[in-house]
Amino acid sequence: MSDEKEKKEPFHKNFFVRVIFVVICIIGLYFLMSPYQNCLRDVGGGYYSKIRHCTENSSW
């Protein structure tokens with residue numbers, strides 16, 4: 001048996017790291033660009049009044 005150490009892949013080449021990065025990007029883009037989230041950000045008032053306004057007064 002050889003005493004050579006196993007070569008580790010660089011962190012950015014790991015499959016699971018890439019998958020997690022893509023998922024985080026998709027979720028981030030959803031919260032930045034979603035019409036529903038934009039409505040919640042733009043409407044004043046309490047949390048539940050925002051939800052009611054955005055769901056009742058939107059065409060989507």
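Me: What caps the N-terminal end of α1?
Reply: N14 does. One of its side-chain oxygens lies 3.2 Å from the backbone nitrogen of F16. Keep in mind that this is a predicted model.

Me: Predicted, ok. What's the average pLDDT of the protein chain?
Reply: The chain averages 81. At least 70 is reached by 80% of the residues.

Me: And which helix has the lowest confidence, and which the highest?
Reply: Helix α2, residues 35-42, is lowest, with a mean of 85. Helix α1, residues 15-33, is highest at 91.

Me: What should I do where pLDDT is low?
Reply: Predicted coordinates should not be read in detail there.

Me: Back to α1. What span should its 19 residues give, and how far apart are the end C-alpha atoms?
Reply: At 1.5 Å a residue, α1 should span 27 Å. The C-alpha atoms at its ends are 27 Å apart, so the two agree.

Me: How many helices and strands in total?
Reply: The protein chain has 3 helices and 0 strands. From the N terminus the order is α-α-α.

Me: How much of the chain is buried?
Reply: Buried residues account for 10% of the 60 residues.

Me: Disulfides next. How many, by this rule?
Reply: The count is 1 disulfide. C39 is joined to C54, with an S to S distance of 2.1 Å. C39 sits in helix α2 and C54 in helix α3, residues 47-56. The two are 15 residues apart, so the pair links distant parts of the chain.

Me: Left-handed or right-handed link between C39 and C54?
Reply: Left-handed, with -100° about the S-S bond.

Me: Are those cysteines buried or exposed?
Reply: Both C39 and C54 are buried.

Me: And C25, why does that one count as partly exposed?
Reply: Its relative accessibility is 33%, so C25 falls in the partly exposed class. That class sits between the 20% and 50% cut-offs.

Me: Switching to Q37. Where is it?
Reply: Q37 lies in helix α2. With 15% relative accessibility, Q37 counts as buried. The cut-off for buried is under 20%.

Me: What does Q37 touch, not counting residues up to four places away in sequence?
Reply: Q37 touches Y30 and F31.

Me: What about N38, which helix is that in?
Reply: N38 is found in helix α2. N38 is partly exposed, at 26% relative accessible area. Leaving aside neighbours within four places in sequence, N38 is in contact with L32 and M33.

Me: Which side chain does N38 make a polar contact with?
Reply: That of R41. The polar contact between the N38 and R41 side chains is 2.3 Å.

Me: How far is N38 from C54 by C-alpha atoms?
Reply: Their C-alpha atoms are separated by 9.4 Å. Along the chain, N38 and C54 are 16 residues apart.

Me: Last topic. How many salt bridges does the structure hold?
Reply: The structure holds 1 salt bridge. E56 pairs with R52, and the closest N and O atoms are 4.0 Å apart.

Me: What separates E56 and R52 in helix α3?
Reply: About one helical turn, because E56 and R52 are 4 residues apart in helix α3.

Me: Are E56 and R52 buried or exposed?
Reply: E56 is exposed, with a relative accessible area of 58%. R52 is exposed as well, at 54%.

Definitions and conventions. Residues numbered from 1 in each chain as written. Heavy atoms only, no water. pLDDT = per-residue confidence, 0-100. Expected span 1.5 Å × (residues − 1). Polar contact = N/O pair within 3.5 Å; in protein donor to acceptor, adjacent residues only side chain to side chain. Buried < 20%, exposed > 50% of the residue type's maximum accessible area, 1.4 Å probe, protein only. Contact = heavy atoms within 4.5 Å. Disulfide = S-S within 2.5 Å. Salt bridge = Lys/Arg side-chain N within 4 Å of Asp/Glu carboxyl O.
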